[in-house]
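Welcome! Take a look at the structure first, and then we can walk through it together.

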Amino acid sequence: MTPIEPRRRIEFVLGDITKETVDAIVNAANSGLRGGGGVDGAIHRAGGPEIMEECRRIGHCDPGDAVITGAGRLPARFVIHAVGPVWKGGRNDEELLLISCHEQALELAREHGCLTVAFPAISTGAYGYPPELAAPIALRAVIEALERLPMIEKVRFVFVDENLLEIYREALAHLKA
Ligand code: ADP
């Protein structure tokens, strides 16, 4: 059976990623896996202390990489903690690191048998990556990963902000096939 084209496996929704009933939600984590503000704080608050205990045991994750834990009280089965780049003007490997954290997150999802995965807009909050630049890079990385990973049926990008959703929607429409 031919897998569904990657673009048709991507969805955009407005909401809170902690409420997503997918196999894995992706956290925009920091290298120390210590939790923090933004989506990271929301995930640990809603998921309870088990997730942080596992993060402590893992200890560290390099920018551009990802690690996986259980999801505590969240409806998802797993949390994939992906560490995006801090925006420093665009000449410090930001693009490569943003691509690889999306790739690594989806590889981990596949290794753990996840069919559905939800992503936030990694690096576009406290890490300061301009969303107009981050959107096409994140989307291209996910599309290319989905080409290699036909078993992943659905990637939902979840936004708290309608403007951000519109930026990602526009970026997908303008990405070359
Ligand atoms: P980073 O440090 O990678 O920039 P942030 O958590 O500061 O991570 O922001 C990443 C994105 O996640 C931002 O666009 C922010 O609006 C969004 N965000 C914050 N809380 C949530 C949530 N509960 N669900 C989905 N997205 C969220």
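A backbone N or O atom of Ser123 sits 2.9 Å from an oxygen atom of the ligand. This is a predicted model, so every value here is computed from predicted positions.

| Residue | Protein atom | Ligand atom | Distance |
|---|---|---|---|
| Ser123 | backbone N or O | oxygen | 2.9 Å |
| Ala126 | polar backbone atom | oxygen | 2.8 Å |
| Asp16 | polar side-chain atom | nitrogen | 2.9 Å |

How much of the ligand's accessible area does the protein cover? On its own the ligand has 560 Å² of accessible area, and the protein covers 86% of that. The ligand takes up the space of the largest pocket.

Now for the surroundings. The ligand is surrounded by 16 residues, and the closest are Val39, Ser123, Thr124, Gly125 and Ala126. Sorted by class, this shell has 10 nonpolar, 5 polar and 1 charged residues. Helix 1, residues 38-47, gives the most to the shell, with 3 residues.

Let us turn to the aromatic rings. The model has 7 aromatic pairs. In one of them, the ring centres of Trp87 and Tyr129 are 4.7 Å apart and the planes meet at 50 degrees, so the pair counts as tilted. Trp87 lies in the loop between strand 4 (78-83) and helix 3 (94-111), while Tyr129 lies in the loop between strand 5 (116-119) and helix 4 (131-148), so the pair ties together parts 42 residues apart in sequence.

Terms used: Residues are numbered from 1 along each chain as its sequence is written. This is a predicted model: local features need pLDDT of at least 70, side-chain atom pairs count only at pLDDT 80 or more; totals for chains, interfaces and linings use all residues. Side-chain values use heavy atoms; hydrogens and water are left out. A residue is near a molecule or strand if one of its heavy atoms lies within 4 Å of it. A polar contact is a pair of N or O atoms within 3.5 Å; within protein, one must be able to donate a hydrogen and the other to accept it, and residues adjacent in sequence count only if both atoms are side-chain atoms. Accessible areas come from the Shrake-Rupley method with a 1.4 Å probe; for residues, only the protein chains shown count as cover. On a 1 Å grid over the protein atoms alone, a cavity is a set of points where a 1.4 Å probe fits but cannot get out, and a pocket is an open set with protein on both sides within 12 Å along at least five of seven lines; lining residues have an atom within 4 Å of a point. A molecule sits in a cavity or pocket if more than half of its atoms lie within 2 Å of its grid points. Helices (H or I, at least four residues) and strands (E, at least two) are DSSP runs, numbered from the N terminus. Ala, Val, Leu, Ile, Met, Phe, Trp, Tyr, Cys and Pro count as nonpolar, Asp, Glu, Lys and Arg as charged, and the others, Gly among them, as polar. Rings of Phe, Tyr and Trp (its six-membered ring) pair if their centres lie within 6.5 Å; planes under 30 degrees apart count as stacked, over 60 as edge-to-face and the rest as tilted.
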